[in-house]
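Thanks for coming, everyone. Please have the sequence and the model on your screens.

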Amino acid sequence: MIKQIRIKPAPGRRVIDPVTDKALGPEAVTVSDNALWRRRLRDGDVFLADAEPTIEPAAAARAKAK
């Protein structure tokens with residue numbers, strides 16, 4: 001059985017599901033736990049439905065990166 005995860009798009013992000021070619025809605029969806037969705041999680045485009053999103057102001061994120 002393929003492992004699956006439940007995700008939601010991060011606030012302010014528009015994420016396209018490559019299977020349906022449609023934008024994810026605000027509700028949680030179940031997707032395959034694969035490299036594409038892990039990359040989206042890492043980049044902050046989506047978050048696990050069981051977790052709360054962490055939102056950093058852009059200035060704070062840039063300062064942290066330096």
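I start with a term: a salt bridge here is a side-chain nitrogen of Lys or Arg within 4 Å of a carboxyl oxygen of Asp or Glu. Now the ground rules. This is a predicted model, where local features need pLDDT of at least 70 and side-chain atom pairs count only at pLDDT 80 or more, while totals for chains, interfaces and linings use all residues. Residues are numbered from 1 along each chain as its sequence is written, and side-chain values use heavy atoms, with hydrogens and water left out.

Salt bridges, then. The structure holds five of them. One of them joins D33 to K3, with the closest N and O atoms 3.7 Å apart. D33 sits in the loop between strand 4 and helix 1, and K3 sits in the segment before strand 1, so this pair ties together parts that are 30 residues apart in sequence. Helices (H or I, at least four residues) and strands (E, at least two) are DSSP runs, numbered from the N terminus.

How open to solvent are these side chains? For that I use relative accessible area: buried means under 20%, exposed over 50%, and partly exposed in between, with a 1.4 Å probe and protein chains only. D33 is partly exposed, at 22%. K3 is exposed, at 55%. The pair also belongs to a network of salt bridges that links K3, D33 and R38.

Two further pairs. D45 forms a salt bridge with R40, with 3.1 Å between the closest N and O atoms. Is D45 buried or exposed? D45 is buried, with a relative accessible area of 12%. Then D43 and R42 meet through their side chains at 3.4 Å, N to O. D43 is partly exposed at 44%, and R42 is exposed at 62%.

Now the overall layout. The protein has two helices and five strands. Along the sequence the pattern reads β-β-β-β-α-β-α. Buried residues make up 21% of the 66 residues. The accessible surface comes to about 5200 Å², and 53% of that belongs to carbon and sulfur atoms. Those areas come from the Shrake-Rupley method with a 1.4 Å probe; for residues, only the protein chains shown count as cover.

Next, the sheet. Strands of a sheet pair through backbone hydrogen bonds, either parallel or antiparallel. Here, two strands pair if DSSP finds at least two bridges between them. What is the strand order in the open sheet of three strands? The order is 4-1-5, with antiparallel pairing. Strand 4 (29–32) and strand 5 are the edge strands, each pairing on one side only. Neighbouring strands are turned by 50° against each other on average, direction ignored. Axes are lines fitted to C-alpha atoms, for helices over the stretch in contact, and angles run from 0 to 180 degrees between N-to-C directions.

Strand 1 (residues 4–9) is joined to strand 5 by three bridges. K8, for instance, has F47 in strand 5 as its bridge partner. Helix 1 (residues 35–43) packs on the sheet and touches strand 1, strand 4 and strand 5, its direction making about 100° with that of strand 5. Contact means heavy atoms within 4.5 Å.

A nonpolar core is a set of buried Ala, Val, Leu, Ile, Met, Phe, Trp, Tyr and Cys residues joined through side-chain atoms within 4.5 Å. Which residues form the largest one? There are eight: I5, I7, V15, L24, V31, W37, L41 and V46. Strand 1 and helix 1 are the elements that give two or more residues to it. Take L24: beyond four places in sequence, its contacts are I7, P9, V15, D17, V29, W37 and V46.

Last stop, L48. L48 lies in strand 5 (residues 46–48). With a relative accessible area of 33%, L48 is partly exposed. Beyond four places in sequence, L48 is in contact with I5, R6, I7 and L41. The C-alpha atoms of L48 and A28 are separated by 8.5 Å, and these two residues are 20 apart along the chain.
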